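Let me put the sequence and the model on the screen and look things up one by one.

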Amino acid sequence: MAADGSNQRQITEESANGGPVWSPTAEEIVFTSFRDGSWEIYKVAPNGENQTRLTNNSSSEGGFSWTPDGAQIISHPELYMMNGDGSDFH
């Protein structure tokens, strides 16, 4: 939406979504979603394109943060790290 609240547009599927965090480059938004039966981490472009599931774990994912360079995402409270594309989750 615009800064004044006009032009609102939904960019994710209708589901329980939360915790959106912009990447440092402002090219992606990472968020959690319950759409598949557990809280997992997804990313999406600001225009709603390229929605991608990044995690697939038996436990639900909590919050997360981007590294300052935007290359990796840190999931917490358990403190897991993965690349921005969801690979190398450890």
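How many aromatic pairs does a search of the whole structure find? I found two, where rings of Phe, Tyr and Trp (its six-membered ring) pair if their centres lie within 6.5 Å.

A note on what I am reading: this is a predicted model, where local features need pLDDT of at least 70, side-chain atom pairs count only at pLDDT 80 or more, and totals for chains, interfaces and linings use all residues. Residues are numbered from 1 along each chain as its sequence is written, and side-chain values use heavy atoms, with hydrogens and water left out.

**Entry: the rings.** I looked up Phe 31 and Tyr 42, whose ring centres are 5.8 Å apart with planes at 20°, so this pair is stacked (planes under 30 degrees apart; over 60 is edge-to-face and the rest tilted). Phe 31 lies in strand 2 (residues 29–33) and Tyr 42 in strand 3, so the pair ties together parts 11 residues apart in sequence. Strands here are DSSP runs of E, at least two residues, numbered from the N terminus.

Are these two buried or exposed? Phe 31 counts as buried at 4% relative accessibility, and Tyr 42 is buried at 4% too (buried is under 20%, exposed over 50%, partly exposed in between, with a 1.4 Å probe and protein chains only).

Then I turned to Phe 34 and Trp 39, a tilted pair with 5.4 Å centre to centre and 50° between the planes. Phe 34 is partly exposed at 36%, and Trp 39 is partly exposed at 31%.

How values were computed: Helix = DSSP H or I, 4+ residues; strand = E, 2+ residues; numbered from the N terminus.
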